[in-house]
Amino acid sequence: MTRVAVYSGSFDPITNGHMDILERGSHLFDKIYVCISSSREKKYLFDLPERQQLCSDALKSFSNIEVVSHSGLLVEFVKKVKAKYILRGLRSNQDFEYEKAMAVMNHKLYSDVETVLLMAGSEWSSLSSSLIKEVASHGGDISSFVPKAVFQALQKKF
Ligand code: ADP
């Protein structure tokens, strides 16, 4: 049986925390779709093509990871690619409550899908895309927290 998972998120931008979840997930699943979400209500620093380009660039060495985008219900995308798993990362109690609500809802919407939560790597458990943007906007050195292309893209933005 081929194990297909979808790792969804904003990835604004992709960080080493996301990379760690994906690297570990790539050993658990035969195929992972990185599904970049876009919502009209959210304000992004990087637009969708930029987020997609940065993810593709960072993940080009993984033969079983594909970067795609989707707007609307995640389970619709999950059904479309015949995935059985939603992969997510867990950093804190705060993440837990949100991830639990999402997992329960997604299972109600599509009972064939299971959410698999991987604990954030200890190095990255306090890392978020928002914090990276905040620090980068004030000129802080975030080079050890993001892939190289993201570091360069952030330097250009600020
Ligand atoms: P969203 O807007 O859906 O929360 P994110 O891009 O912030 O999108 O996160 C996507 C997923 O990656 C979520 O499950 C989130 O908890 C997880 N994640 C984010 N940052 C990290 C990190 N530093 N370590 C592990 N998982 C993370």
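This is a predicted model: local features need pLDDT of at least 70, side-chain atom pairs count only at pLDDT 80 or more; totals for chains, interfaces and linings use all residues.
**Entry 1: Glu99**

I started with Glu99 and looked up what it touches: Arg88, Gly89, Leu90 and Leu117, leaving out residues up to four places away in sequence. Contact here means heavy atoms within 4.5 Å. Glu99 is part of helix α4, residues 93-109. Helices (H or I, at least four residues) and strands (E, at least two) are DSSP runs, numbered from the N terminus. Is Glu99 buried or exposed? I noted it as buried, because its relative accessible area is 5%. The cut-offs are under 20% for buried, over 50% for exposed and partly exposed in between, with a 1.4 Å probe and protein chains only.

Residues are numbered from 1 along each chain as its sequence is written, and side-chain values use heavy atoms, with hydrogens and water left out.

**Entry 2: the ligand**

Next I went to the ligand. Which residues come nearest to it? Of the 17 around it, they are Tyr7, Ser10, Gly89, Trp124 and Leu127. A residue counts as near if one of its heavy atoms lies within 4 Å of the molecule. I also checked which elements make up the shell: β1 (4-9), α1 (16-28), β4 (85-90) and α4 each supply at least two residues.

Then I looked at polar contacts, pairs of N or O atoms within 3.5 Å (within protein, one must be able to donate a hydrogen and the other to accept it, and residues adjacent in sequence count only if both atoms are side-chain atoms). Tyr7 has a polar side-chain atom 2.7 Å from an oxygen atom of the ligand. For Lys42, a polar side-chain atom is 3.1 Å from a ligand oxygen atom. Trp124 uses its backbone instead: an N or O atom there lies 2.9 Å from a nitrogen atom of the ligand. On its own the ligand has 550 Å² of accessible area, and the protein covers 89% of that. Those areas come from the Shrake-Rupley method with a 1.4 Å probe; for residues, only the protein chains shown count as cover.

**Entry 3: Ser26**

I found Ser26 in helix α1. Ser26 is buried, since its relative accessible area is 12%. A polar atom of the Ser26 side chain lies 2.6 Å from the backbone oxygen of Glu23. Further along the chain, not counting residues up to four places away, Ser26 touches Ile32, Phe62, Asn64 and Ile65.

**Entry 4: Gln52**

Gln52 belongs to helix α2, residues 48-58. I wrote it down as partly exposed because its relative accessible area is 24%. Neighbours within four places aside, Gln52 is in contact with Ile36, Val67, Val68 and Ser69. I also checked Ile14: it is 38 residues from Gln52 in sequence, and the two are 9.4 Å apart in space, C-alpha to C-alpha.

Most residues other than glycine have a negative phi, and most peptide bonds are trans. So where did I find exceptions? Phe11 has a positive phi near 50°. Phe11 sits in the loop between β1 and α1, and it is buried, with a relative accessible area of 3%. Pro13 is in the loop between β1 and α1 too, and the peptide bond joining Asp12 and Pro13 is cis, with omega about 0°. Lys82 also has a positive phi, about 60°. Lys82 lies in the loop between α3 (74-80) and β4, and it is exposed, with a relative accessible area of 67%.
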